[in-house]
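User: I would like to go through this structure with you, one topic at a time. Please bring it up first.

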Amino acid sequence: MSRRGIALGAVAVLLSGLAACGIPGESDVRIDGRGPVADTGPADRPGAQPPGRTVSGSEPKTFARNFLTAAAGEAGEAYKRVNEYIEPGARFNPKQDDKGDINVVRVDADSGIEITEDNDGTSRVTVSVQQVGVLRANGSVGAPVQQEKEYSFVIGAAPTDPGMGSGLWVLDPPAVLLMTDDALRDYYEENAIYFWNANGTSLVPDLRYLPRTVPVQRHATEVLDWLIGGPSEWLTSAVALPEGTSPMDNRNVPAPKQAGRIEVNLAVKAGALESDHDLQKLFTQIVWSLRTNQLLDELELKIQNQSKMVEVADDYRRDHPLYQLNGAAARYGVFAGRIYPLTNPGEARPVPIPATENHDIVTAGLSRNGDEVAVALVTRDDESFRLRTGFGPGVANSLQTSQDRYDDMSRPVWLKDAGGGGPVGLVVAEQKLWTFTAGNPNLTEVSFSGAPRGVTAVAASMDGNRIAFVSGGRLYVAAVRPVDGGLNVESPRQLATSLGSLSAVDWFGENLLVVAGLDSTDAKAINRINVDGSLESQQVRFVSSAPVEALAADPTFLEVRPLPLTYETNDVAFVSDTSINRSQIAPGAGEPPASVNSATASFYLY
Amino acid sequence: MARTLTSSSALLARAAATGRRLRRAGSARVARAATGLHRTWRRSLQVRVVTITLVASSLLVGGFAYLVADNITEIVLDNATSDVRTRLEDGREYASEQLSNHNTVAEQGLRATLENTVNYLAGGDPAQLGGVVVTLRVTGVAPATSPQVDVGGILTPGLEEAVRGGAIAHQFRTGDLFDKGRTKYLVYGSPVPTRLGQVELYYFVPLTRWDQIADASRATVLATGFALVVLLGLLSGLVTRLVVNPVRVAARTAQRLSAGLLDQRMVVNGEDDLAMLASSFNQMATNLQRQIVRLEEMSRLQRRFTSDVSHELRTPLTTVRMAADLIYAERDEFDPAVTRTAELLHAELDRFEDLLTDLLEISRFDAGFAMLDAEPTDLVPVVHRVADRLESLASRCGTPLRVTVPETPVIAEVDPRRVERILRNLVGNAVEHGAGKPVVVVLAADETAVAITVRDHGVGLKPGEEKLVFNRFWRADPSRARQTGGTGLGLSISLEDARLHGGWLEAWGAPGEGAQFRLTLPARAGDRLTSSPLRLVPADAPLAVTDVLSWTVPTPAGGGTAEPPGADRPGTADAPTPLDRPTVPTGGTLDGPTVPTGGTLDGPTAPAGGTLGGPIGGAPGGPTVPIGGALGALDGLAGTVAPDEAVDAVPGGPAGPRTLADAERSEVSR
């Protein structure tokens with residue numbers, strides 16, 4: 001009996017053991033091994049950020065100035081940063097859908113901020129501002145929405161509350177988020193991203209501002225988000241990415257590892273990126289948009305996790321340039337109605353018109369697309385002006401002359417690559433904006449709305465999709481779109497400038513304009529201004545009050561050494577404050593009449 | 001108060017008694033079941049083999065099944081672990097890439113990155129992806145979990161600590177993350193290399209699928225093992241049956257053979273080992289049958305010879321008797337020496353006649369001619385009659401004879417003649433060996449049996465003699481051989497008489513304590529005895545001694561299943577089986593009487609002891625030899641008795657004068 005009992009017990013133990021040997025419900029912690037260790041290299045220090053309240057001291061003016069920079073930083077937390085300056089009871093309480101758009105204002109450094117001391121120890125700050133624009137969450141600066149020219153707020157010690165700490169507080173803040181343009185300059189980086197134009201022939205730059213607090217590792221992620229978010233409002237000529245394009249699984253673009261390869265993984269709508277051409281366009285767009293990314297070495301484009309393209313960024317950009325520039329820009333001057341190539345500085349190139357046609361020229365607009373040269377000459381015919389245009393490889397041999405004569409005519413400009421059928425030119429004559437083509441010098445008036453009549457100057461961007469013009473003494477930028485041989489100027493956007501009575505404008509870079517006018521002291525000045533009007537700086541200032549009649553700049557300095565700005569005033573062309581004289585004429589290009597010492601006009605061929 | 005106490009204590013006692021009874025009943029049931037099992041275990045080879053096979057195969061199969069199931073589980077676990085680990089490593093890679101965008105925990109987009117990352121890693125819809133939960137923990141930031149469940153119940157501090165310490169670690173946990181019941185989870189954690197500081201990635205992968213695989217395989221293994229065990233049990237049962245059945249047939253056949261059906265044979269099938277066993281068995285049976293038939297024939301011849309000799313001796317004895325009676329009647333006229341001889345002749349002739357009568361009687365028993373003439377008889381007068389008859393002998397020996405009988409008649413279906421003979425023998429023996437001390441005869445009865453004990457206080461019996469007293473021609477003291485007492489067949493005949501009734505005749509004795517004989521008879525003829533109304537061991541006997549020395553000699557009719565009174569003593573279990581006895585005295589009976597036939601006829605004047613002893617010891621080559629030799633196999637006692645008596649016979653001559661006194665004392669035949 002006992003033997004059987006033992007045996008049965010053994011069987012029971014076995015069966016229970018068998019029943020127990022499943023996947024355990026609980027177990028100890030089992031160590032598999034060491035995990036990976038993070039790169040212990042020193043973390044990149046976060047970029048510059050505006051000073052906080054507590055370090056802003058007790059001097060009301062400095063405090064007020066710092067308060068006006070507080071919004072700078074990543075968009076989502078602008079209110080939080082500004083609120084740190086504000087006494088708790090008066091803080092902003094943004095709505096859920098308020099993305100924290102910041103009103104960028106230009107404040108005169110000296111006289112912009114006035115402090116009025118009150119009896120109760122507080123100070124009333126009055127800020128005179130020029131509304132520059134609205135910095136949106138996507139980094140673009142849009143047209144200003146506020147009209148106020150003056151804001152005032154109260155700063156002072158906090159009401160006696162033991163939990164509040166010392167220092168000044170903003171007791172009565174302005175109703176909107178304000179940030180000075182200085183803060184935009186100091187705490188943001190300019191970063192151009194690119195969108196294809198409607199024809200898919202050229203990339204349209206779109207200027208964005210990236211907070212310096214964003215680490216470089218996140219740069220690509222931000223840029224990609226911008227690209228996916230589409231172009232800025234006013235760039236109607238630019239085309240957004242195919243609809244439905246998004247980062248794969250909302251992913252970040254990982255920071256590159258040692259190899260420096262950035263992987264961009266996109267999800268696109270089925271059928272949106274069918275051809276290699278589309279893919280290449282997308283790749284080009286991204287690789288140019290990431291131009292300022294220091295970490296980028298190779299770019300890998302993945303669509304739906306499938307690797308589609310891998311290229312070394314620099315090589316690819318070299319092979320797929322933004323603009324069809326053939327070498328450095330060349331400068332020309334007009335001496336006694338003839339165009340002469342100029343040197344010093346700059347490389348001399350032959351004049352791209354037959355010598356027989358090189359007479360009676362007032363000014364000219366030259367454009368080069370590869371070897372193809374487009375020429376628009378403003379010629380004097382008695383007291384009126386006519387336009388002569390032509391194009392050809394290297395030299396425009398046959399020139400057409402416009403039938404109509406005009407009382408005045410500014411320097412014509414060419415829109416590069418604006419569409420098929422050769423370059424399109426723009427010219428201002430009789431305070432109107434006209435368009436012409438290389439084959440047809442007869443002017444067609446360009447109609448547009450949103451800006452006053454009385455155009456006095458026009459300038460075309462390198463990409464040929466944007467123009468800047470001065471109308472009614474104010475500066476406008478607009479996107480242009482070719483339609484049936486003509487041109488559409490769409491929704492011009494006025495830019496706030498500190499100069500008044502503007503007389504001339506030209507592009508000084510992809511996203512940079514130079515504009516001539518009178519400053520607050522009625523002194524003649526030439527200022528550089530961003531294409532969105534947000535940042536402005538003085539380029540040249542004169543004592544004389546004669547208006548600058550024309551500006552010619554070489555905007556290509558992004559790629560080669562910049563050439564100096566030339567301008568014309570009183571029928572004399574200047575470069576770098578000195579008039580352009582015959583000594584600058586390239587050797588062998590002939591001599592102007594001895595009486596003519598200085599050039600009456602100067603322009604670039606690029 | 002006292003009454004209450006008493007009653008309550010009585011109640012308590014009753015309750016305790018009830019409890020005890022119940023307990024006893026329960027344990028009795030268990031014990032009965034255990035006994036039953038034990039009996040089955042002992043009796044059935046098949047049960048034993050099947051049980052052993054089942055147990056052994058269960059252990060073996062269980063062991064293997066454990067190994068196999070364990071192995072499968074191990075493989076499944078390895079699979080799951082490596083699966084999840086791969087997933088974790090991929091996820092870590094991904095998380096590391098995603099978090100590479102961030103330098104500090106204070107960055108604004110970090111939260112979104114964390115959530116996007118865990119959402120991507122968890123794969124979106126938890127219902128579709130088997131409930132995998134992914135958590136990213138960054139020191140200083142609230143952990144991001146996808147789907148958004150509380151993993152605090154499953155993520156242990158130990159694991160967190162291990163991962164925070166830079167190790168990849170995992171743990172099995174059971175918990176309920178989705179309120180859908182408890183599920184086993186494999187929790188895998190790994191640090192994520194970032195510039196942010198400490199970031200840990202955890203995967204909570206439900207093991208439902210793997211668990212199912214493990215369970216299914218385990219169930220399969222179990223079922224297979226169980227089926228195997230059952231199959232093995234059936235197989236062993238079948239095989240054992242194949243072997244045991246012929247053995248059972250052989251056992252049955254052997255039983256029938258031993259019951260006397262000597263022509264029983266086994267069926268021989270085929271040529272295997274069992275067939276060999278059957279044929280060998282059959283051969284053995286044939287040989288035994290031949291031998292037994294031969295022996296029976298011989299025995300029959302012997303019995304017939306004894307009977308014939310006894311008969312044949314009667315006629316000359318009658319003549320001699322008549323002559324001797326004549327001489328005895330005229331003895332006063334002879335000279336004293338002759339007178340003495342005549343008297344001696346007369347006495348020895350009486351003995352001779354008694355001997356012949358007894359021999360005839362016992363040969364009738366041997367031949368199976370003894371018939372029971374049972375009739376309802378009141379035993380009280382029988383006992384009185386015997387006592388009265390032996391009163392004179394008792395008084396001559398100076399032995400008081402006391403009789404204790406119930407006042408009411410004791411009616412039993414017995415043969416009064418045989419009962420009287422038994423009693424005469426017992427009481428006579430008691431008086432003879434009573435050494436002058438009282439002899440007590442007690443009669444008692446119950447519903448089923450009547451019993452008579454005869455107690456003396458003489459020298460008693462030595463250990464082992466309780467059994468020997470019933471042997472033919474056995475004497476307690478060899479030196480008194482044939483000089484006193486009767487024929488030496490008295491107790492043998494009494495035993496045969498008792499057996500004829502289906503009763504018991506038993507003896508008890510101890511040296512110096514005297515002896516007690518008990519006759520137990522069924523109240524109704526043919527009934528089976530189960531107990532005796534009287535104890536075999538007298539109440540005044542020393543207990544320790546009786547324990548060792550008492551003997552029970554059950555008769556064949558009474559032996560076997562039922563235990564005689566006094567069976568509570570350990571000695572009873574060693575009582576000889578009924579088969580032991582009949583054969584032994586038979587040899588003695590046959591051996592003994594045959595001897596004098598040659599010897600006594602040769603010299604009637606020879607002293608009795610010498611006459612009987614001489615030929616036995618001195619004529620080994622005589623007619624006894626072939627008989628003794630032929631019965632050698634069966635003969636145990638005769639061979640030993642004869643030499644003893646031969647040795648005795650040597651001093652038998654000088655002891656001649658003593659023999660007369662002995663003869664006178666031995667009027668009661670033994």
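Analyst: This is a predicted model.

User: Which residues of α8(B) and α9(B) meet?

Analyst: On the α8(B) side they include B:Leu379, B:Val382, B:Val386, B:Leu390 and B:Leu393. Among their counterparts in α9(B) are B:Pro416, B:Val419, B:Leu423, B:Val427 and B:Val431. The contact of α8(B) with α9(B) comprises 14 nonpolar, one polar and five charged residues.

User: What about α6(B) and α7(B), at what angle do they pack?

Analyst: Helix α6 (residues 273-329) of chain B packs with helix α7 (residues 336-367) of chain B at about 160°, and their axes are 9 Å apart. The pair α6(B) and α7(B) is therefore roughly antiparallel. Here the crossing of α6(B) past α7(B) is left-handed. The residues of that contact between α6(B) and α7(B) are 14 nonpolar, five polar and six charged.

User: Let us turn to the strands. Is β9(B) largely enclosed or exposed?

Analyst: Strand β9 (residues 439-445) of chain B is largely enclosed by the rest of the structure, because six of its seven residues are buried.

User: Which strands does β9(B) pair with?

Analyst: Strand β7 (residues 401-404) of chain B runs parallel to β9(B), and four bridges join the two. In that pairing B:Thr404 stands opposite B:Val442 of β9(B). Strand β10 (residues 449-456) of chain B pairs with β9(B) in the antiparallel sense, over six bridges. There B:Ala445 faces B:Val450 in β10(B).

User: How many residues join β9(B) to β10(B)?

Analyst: Three residues, in a hairpin.

User: Now the contact between the chains. How many residues does each chain put in?

Analyst: Chain B contributes 55 residues and chain A contributes 44 residues. Elements of chain B that each supply at least two residues to its side include α1 (2-43), α3 (110-122), β3 (167-175) and α5 (208-258). The largest share on the side of chain B that touches chain A comes from α2(B), with 16 residues. By class, that side of chain B has 22 nonpolar, 24 polar and nine charged residues.

User: What joins β1 of chain A to β3(B)?

Analyst: Four bridges join strand β1 (residues 30-34) of chain A to β3(B), and the two strands run antiparallel. The bridge partner of A:Gly33 in β3(B) is B:Ile168.

User: What does A:Val310 touch, not counting residues up to four places away in sequence?

Analyst: With residues up to four places away in sequence left out, A:Val310 touches A:Glu298 and A:Glu300. The C-alpha atoms of A:Val310 and A:Ile262 are separated by 9.4 Å, and these residues are 48 residues apart along the chain.

Methods:
Residues are numbered from 1 along each chain as its sequence is written. Chains are lettered from A and ligands numbered from 1 in the order in which they are written. This is a predicted model: local features need pLDDT of at least 70, side-chain atom pairs count only at pLDDT 80 or more; totals for chains, interfaces and linings use all residues. Axes are lines fitted to C-alpha atoms, for helices over the stretch in contact, and angles run from 0 to 180 degrees between N-to-C directions. Angles under 35 degrees count as roughly parallel, over 145 as roughly antiparallel, 65 to 115 as roughly perpendicular and the rest as oblique. A crossing is left-handed if the near helix is turned anticlockwise from the far one by less than a right angle, and right-handed if clockwise. Ala, Val, Leu, Ile, Met, Phe, Trp, Tyr, Cys and Pro count as nonpolar, Asp, Glu, Lys and Arg as charged, and the others, Gly among them, as polar. A residue is buried if 20 or more other C-beta atoms lie within 10 Å of its own, exposed if 12 or fewer, and partly exposed in between; C-beta atoms are placed from the backbone. Two strands pair if DSSP finds at least two bridges between them. Two residues are in contact if their C-beta atoms, placed from the backbone, lie within 7 Å.
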